[in-house]
Amino acid sequence: MQRVKFTINGKEVEVPVGSTILQAAEMVGIDIPRLCYDPDLSPLGACRLCVVEVKGNRLLPASCVTPVTEGMEVQTESPAVIEARKTILELLIANHPLDCMTCDKMGDCRLADYCYRYNVKESPFTGDQHDYAIDDSNPFIIRDLNKCILCGACVRACEEMTGQDNLSYLYRGFDRKATTAADVPYIESDCVFCGQCVAVCPTGALIEKSMSGQARRWDIDKVRTTCPFCGTGCNFDLAVKDGKVIGVLSAEDAPVNGRMLCVKGRFGWDFIYNERRLTTPLIKKNGQFVEASWDEAYDLIAEKLNGIKDQYGPDSFAALSSARCTNEENYLVQKFTRAHMGTNNVDHCART
Amino acid sequence: MTNPISEITDETELMLLIGTNATEAHPIIGYKMRQAARRGAKMIVCDPRRIDLVDEADYWLQLKPGTDIPLLNGLMHIIIKEGLEDKNFVAERTENYEALKETVQNYPPEYVSELTGISVEDLYAVARLYANTDKAMIFYTLGITEHICGTRNVMSIANLAMLTGHLGRPGTGVCPMRGQNNVQGACDMGALPNVYPGYQAVTNDEIRQKFEQSWGVSLPAKVGLKIPEMFEAAHEGKVKAMYILGENPVLTDPNSNHIRAALEKLDFLVVQELFLSETAEYADVILPAASFAECNGTFTNTERRVQRVRQAIEPIPGQANWQTICQMSTKLGYPMEYEHPSDIWNEMASLTPSMAGINYQRLENSSLQWPCPTEDHPGTPYLHKGKFTRGLGLFQPSDHIPAGEMPDKEYPFLLSTGRILFHYNVTTPYSEGIASVWDKEMAEIHPEDAEKLGLVTGQQVKIQSRRGEVISAVKVTDRVQPGMVWMSFHYAATPTNALTSDALDPVTGTGEYKVCAVRIEKIPEVAHA
């Protein structure tokens, strides 16, 4: 691969030809702030927060869309750059609710992170503020466009990840909005509720409804696991607070799916808390199920299964194992069937 | 899948989809297919229904249900006639080519067009495109296998891929997308009547002795019963007792009234389940099960990738499923003692050469695709490089096998079934959010038929087959062909499988969920005064 040499913050480095300044900076461990840039999406260069100073260029180019050239000299935190970033952040928060103390995204909000980094507390700019109604139309996603910074990550995720093309920009100027066709609530749109838009949103504009009011982001334990629905094998993190699952979060290093999930994987997990879950063994007595202890259940199973095996032979027993259960559980079921019951009558729904 | 999912976006130049509705049944794979099509890869969709991916496709072959073999034979006929086959691949890596040639000779495009409903022009175009593209992948799902001729359908797909040399390289291959999260793993673990873990035959003396030694018992050499045979044997009184873990055949197996009757006849039924399912209702003892969030273990996905499942919360019934199975077995007189699911995995791996190199340490921060015979083996992303498992690839030509039951005067509609995006089999109806939005069956019916029957979207109908009847709402849509009705099987209130046919593939015992005959009757609405 061809490489190109340039200087960043006074340090000479070599990166592959075609790298943007932002990518090159990442390669050498320099963190350039970014809001609209997302490694999984096409570059947009819209938020301008990633601007840098390039010697000989009187403008401050956006590093996410500017390729490195031979001999380029880049400063990522020069006074001019810092001043520009502060102004951008001040403009952004001029029309952004500063209700961070109750915002569900606090702790995982890049806008707040950068305001902290550049000590932007309030905005000198005054003017109109949006007063959009919150889209609470569906069971999965809360959409508060008052918190939208128009980075367009949701629009690109809908188009480039899922390919659903359900989101785009509507209106002009101050009224510009990243929204559905005809600006209808999600539930009335062509949304398939994959939640990719939520996964890429850098602010609190799009959040998981199940997690709202449940936990500060830093109090959430993440448990990496594999989706229990189809055979694709998506990985995600179960968000756990106080021993309870409150949601699903994308895991960018998931081998098969990256941050992509579908409606079932991201939002279908709540079957685990359905009130109809069975919690104790049940034994049928006179046609009615009666709660029993584990030992009572095992004793009855032992008596009946061993009795039937003794009376009618091993092949009078059959087991159905499960394509929804783990490998380990399946191994045990076939081992039990073969080793104890003495029959190969074991199957599962692969064929049905 | 012979090849990994990542090659959809990274490698392939053409995707041929046959009997697979990926954006709904395997959404992430479907989304990746869309991405690939939009970056310029060609897409051919063969499906009787106008599935979402038709919008991305270069060709949509809207075949009549149950005519996959004539279609595939027709494509091979053209490829051979025009000399587009991969002559080197056929010569070096396959056998029985002459027999294939002889069979597909009888499928000229005009005849195939008549059988399938696809234009001669499209048959030529698709045959040339597939054969002339260097890296082409074929994807199929239950639209291929859930037929009386499912095995023959699959063989015909393999014939097409071998004929054109589309195997054993990145970006090529035959990719069946497995249904459930761990259907691959359940097979791999030997939850099958003929094999131990790793597809080691129970009839092989040497292998059986290996398991006998490890498990400390003598083991039966006779192949066991497949699911449909189990229920048949229960009917006949030969199978007296069953243990069912995490399956709900009453909703998911074909001709479900027959299944119900079989369960009734059992002397004793143990069901281990999350919910009091329709199947659990028949149990004598129910053991409460733990969900995926409550268990440690592994799942194996459709590309043979073994990945960790991690316990996030305490098991709601108080213990994990593996513990319940071990306690039950121990109580019955066969002790099973493990400290952790990793011990179970290790025991399995020690007996299974194709997975011997996989362990929980290696899975901690990554995943591995089997075959993975040793601990320093990186896993196997794609199969059949340079050589097939059996040596030479065997062409197994097939003639057209019509569906077991076709529409007639009495039952004039063809019913086909499948999954929808928002549900997964019979678990998601227990998700409050999902069930609140997608709460009932909406049987798809073509506008022409709807007009004849006087139906509009949302209206209730009675759908009857020779085996049963259900009530459903309808959705009027041109996604289906005239004469066809399409339903999912997710809803307990509309148990679609009361209708489906238990005509079985003779090899796999898979039911013909994709084709049966039904009639539709409008339910008169109650008149309001």
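Chain B is divided into domain 1 (6-177), domain 2 (183-369) and domain 3 (413-522), with bounds that come from an automatic or database domain assignment. This is a predicted model, in which local features need pLDDT of at least 70 and side-chain atom pairs count only at pLDDT 80 or more, while totals for chains, interfaces and linings use all residues. Residues are numbered from 1 along each chain as its sequence is written, chains are lettered from A and ligands numbered from 1 in the order in which they are written, and side-chain values use heavy atoms, leaving out hydrogens and water.

The C-alpha centres of domain 2 and domain 3 of chain B lie 30 Å apart. Contact here (heavy atoms within 4.5 Å) takes 15 residues from domain 2 of chain B and 19 residues from domain 3 of chain B. B:Leu251, B:Pro254 and B:Asn255 supply 41% of the area that domain 2 of chain B buries against domain 3 of chain B, more than any other three residues. Helices α14 (249-252) and α15 (256-265) of chain B are the elements that give two or more residues to this side of domain 2, and α15(B) gives the largest share, 3 residues. Helices (H or I, at least four residues) and strands (E, at least two) are DSSP runs, numbered from the N terminus.

The table sets this interface beside the one between the chains. Buried area is the accessible area (1.4 Å probe) that two parts lose on being put together, summed over both. A salt bridge is a side-chain nitrogen of Lys or Arg within 4 Å of a carboxyl oxygen of Asp or Glu.

| Interface | Buried area | Carbon and sulfur share | Salt bridges |
|---|---|---|---|
| Domain 2 and domain 3 of chain B | about 1,400 Å² | 59% | 0 salt bridges |
| Chain B and chain A | about 10,500 Å² | 65% | 6 salt bridges |

Now for the contact between the chains, which takes 143 residues from chain B and 108 residues from chain A. In chain B, the residues that lose the most area to chain A are B:Ile28, B:Phe292 and B:Leu332, together 7% of what that side buries. A salt bridge joins the side chains of B:Lys331 and A:Asp295 (3.3 Å, N to O). Helix α16 (residues 321-332) of chain B gives the most to the side that touches chain A, with 10 residues.

A:Leu320 has B:Ile244 in β9(B) as its bridge partner.

Notes. Pairing = 2+ DSSP bridges.
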